[in-house]
Amino acid sequence: METYIIVFLCIAAFIAGFIDAIVGGGGLIQTPAALILLPNLPVSTVIGTLKIPAFSGTSFAAAQYLKKVTMNWRLLIIMMALALPSAFLGSTLLTYMSNDFMKPLLLFILSLLAVYTYAKKNFGQHVAKDLSER
């Protein structure tokens, strides 16, 4: 692999991590960059490889988050128990899909996510209801 590809991938990862730390959605930068710079690799390999930095970043963010909030551990364990087999199933299914089908599909999905993320400025924010209005 050429050095410039590795440099561009590192730059994309840095920008994606920076954006992800501030507002989320870093995958909208890193995924297309990796698919463009690594066109000969299967989509499943590219997506699987990008899960490593995503997992690392999410783990650090979760550690910081746990310092500030009270966690419903029972719910977290249930969600983890559901996420693990679902991720495995999704990854396995992705290996059976052809690149000719997946690349346009990913372009479409990432485009929709980018538009939705841009249009929905308060996405992911929780607003507490004022009980005094009753």
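Guide: A helix here is a DSSP run of H or I with at least four residues, and helices are numbered from the N terminus. Keep in mind that this is a predicted model. On that numbering, Leu-110 lies in helix 5. Let us start there.

Leu-110 has a relative accessibility of 16%. Buried means under 20%, so Leu-110 counts as buried. What does Leu-110 touch, once residues up to four places away in sequence are not counted? Its partners are Leu-28, Thr-31 and Pro-32. Take Pro-32 from that list. Between Leu-110 and Pro-32 there are 78 residues of sequence separation, yet their C-alpha atoms are 8.2 Å apart in space.

Helix 2 covers residues 27–37 and helix 5 covers residues 99–119. They pack at an angle of about 155 degrees. Their axes are 11 Å apart. The cut-off for roughly antiparallel is an angle over 145 degrees, so helix 2 is roughly antiparallel to helix 5. The crossing of the two is left-handed. From helix 2, the contact takes in Leu-28, Thr-31, Pro-32 and Leu-35. From helix 5, it takes in Leu-106, Leu-110, Leu-113, Ala-114 and Thr-117. Sorted by class, the contact of helix 2 with helix 5 holds 7 nonpolar and 2 polar residues, and no charged ones.

Stay on helix 2, but move to Gln-30. Gln-30 is found in this helix. Is Gln-30 buried or exposed? Its relative accessibility is 15%, so Gln-30 counts as buried. Neighbours within four places in sequence are set aside in what follows. Gln-30 is then in contact with Ala-13, Ala-16, Leu-50 and Pro-53. Of these, Ala-13 and Ala-16 are in helix 1. Leu-50 and Pro-53 are the other two partners, and helix 3 runs over residues 43–68.

Now the packing of helix 1 with helix 2. Two packed helices are described by the angle between their axes and the distance between the axes. For helix 1 and helix 2, the angle is about 170 degrees. The axes are 8 Å apart. Helix 1 and helix 2 are therefore roughly antiparallel to each other. On the helix 1 side, the contact is made by Ile-5, Phe-8, Leu-9, Ala-12, Ala-13, Ile-15, Ala-16 and Ile-19. On the helix 2 side, Ile-29, Gln-30, Ala-33, Ala-34 and Leu-37 meet them. The class count for this contact of helix 1 with helix 2 is 12 nonpolar, 1 polar and no charged residues.

Val-7 is in helix 1, which spans residues 3–22. Val-7 has a relative accessible area of 42%, and is partly exposed.

Helix 3 packs with helix 4, residues 73–96, at an angle of about 170 degrees. The axes are 11 Å apart. Helix 3 and helix 4 are therefore roughly antiparallel to each other. This crossing is right-handed. Helix 3 contributes Val-43, Ser-44, Ile-47 and Leu-66 to the contact. Helix 4 contributes Trp-73, Leu-94 and Thr-95. By class, the contact of helix 3 with helix 4 has 5 nonpolar, 2 polar and no charged residues.

Ser-86 is also in helix 4. At 48% relative accessibility, Ser-86 counts as partly exposed. From Ser-86 to Trp-73 is 13 residues along the chain, and their C-alpha atoms are separated by 20 Å.

Finally, the whole chain. It has 5 helices and 0 strands. The order from the N terminus is α-α-α-α-α. The C-alpha atoms fill a box of roughly 60 × 30 × 30 Å along the principal axes. Buried residues make up 13% of the 134 residues; Leu-110 and Gln-30 are among the buried ones. Among contacts with a separation of 6 or more, 56% join residues 24 or more positions apart.

Notes: Residues numbered from 1 in each chain as written. Predicted model: local features only at pLDDT ≥ 70, side-chain atom pairs only at ≥ 80, totals over all residues. Heavy atoms only, no water. Axes fitted to C-alpha atoms, helices over the stretch in contact; angles between N-to-C directions. Parallel < 35°, antiparallel > 145°, perpendicular 65-115°, else oblique. Left-handed = near helix turned anticlockwise from the far one by under 90°. Contact = heavy atoms within 4.5 Å. Nonpolar A, V, L, I, M, F, W, Y, C, P; charged D, E, K, R; others polar. Buried < 20%, exposed > 50% of the residue type's maximum accessible area, 1.4 Å probe, protein only.
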